[in-house]
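Work through these exercises with the model open beside you. Try each task before reading its solution.

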Amino acid sequence: MTSQIAQWHAEHGNFSLLLSILEEQVARFRDGESPDYHLMLEIVSYLREFGDCYHHPREDAAFDILAAHDPQMRLPINRLLQEHRVIAVAGEELVARLNQVISDAYVLRASVEAAAALYLAYYRHHIATEERLVLPRARLLLSAQDWDAVARAAPSYPDPLFGSSPTAAYLRLARLTAERTTAQARQEDVAAP
Ligand SMILES: [Fe+2]
Ligand SMILES: [Fe+2]
């Protein structure tokens, strides 16, 4: 089903854009500058709220059906399922550290930097593996009935950041991501022959 795969891929694009913005903040640690901790917190909060609670459960359901169709996918899929759990724990840890640093609690900058850099690298690798290994197989093997079963297992949830009406908590991030997307589209127009 093309529309579900397109939506799945689009969400990975949205997450990747957020990870790029998070990476810019992590680079500030390296350059001895002060990162925008609130922006980092908004990014990770969204990835927890939408990624952990909606995107990943939907993948969990789709992965199980995919592995039933193609048993050779069971091993990489089990690894990805485990990564969903690791990403959730790493995100929770990072949110806790960011909240500490924002509330002026004593927390080593290096520990925030390490937690953010780890989250970033792990999440990027996870998305790249899904795009490379899973989406092409899902496009080939999952039927309309399979996608109905996925929808029943993981009901849809309005995207609080990239959806049609971002929630108040993500308004600043929504403006920033829209600017980035427009700038990127402009660059692609200039680069086009
Ligand atoms: Fe995933
Ligand atoms: Fe994913």
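**Exercise 1. Contacts along the chain**

Solution. Start with the ground rules. This is a predicted model, where local features need pLDDT of at least 70, side-chain atom pairs count only at pLDDT 80 or more, and totals for chains, interfaces and linings use all residues. Residues are numbered from 1 along each chain as its sequence is written, chains are lettered from A and ligands numbered from 1 in the order in which they are written, and side-chain values use heavy atoms, with hydrogens and water left out. Next, the term: a contact means heavy atoms within 4.5 Å.

**Exercise 2. The fold in outline**

Find how many helices and strands the protein chain has.

Solution. Helices (H or I, at least four residues) and strands (E, at least two) are DSSP runs, numbered from the N terminus. The count is six helices and zero strands. In sequence order the pattern reads α-α-α-α-α-α. The C-alpha trace spans about 50 × 40 × 30 Å along its principal axes.

**Exercise 3. One face of α5**

Identify the buried residues of helix α5 and say why they line one face.

Solution. Helix α5 covers residues 144-153, and its buried residues are D146, W147 and V150. Seen down the axis of α5, these buried residues fall within an arc of 95°, so they line one face of the helix. That arc is taken over the directions from the helix axis to the C-beta atoms. The general rule: an α-helix has 3.6 residues a turn, so residues three or four places apart point the same way. Now turn the helix over. The face away from the buried side carries the exposed residues Q145 and R152. Last, the cover: it includes α1 (2-30), α2 (37-69) and α4 (109-141).

**Exercise 4. Two single residues**

Is D70 buried or exposed? Then treat A96 likewise.

Solution. Locate D70 in the loop between α2 and α3. D70 has a relative accessible area of 11%, so this residue is buried. Leaving out residues up to four places away in sequence, D70 touches R137 and L141. Move to A96, in helix α3 (residues 74-102). A96 has a relative accessible area of 40%, so this residue is partly exposed. From A96, go 16 residues along the chain to V112. The C-alpha atoms of A96 and V112 are separated by 9.6 Å.

Methods: Buried means under 20% relative accessible area, exposed over 50%, partly exposed in between (1.4 Å probe, protein chains only).
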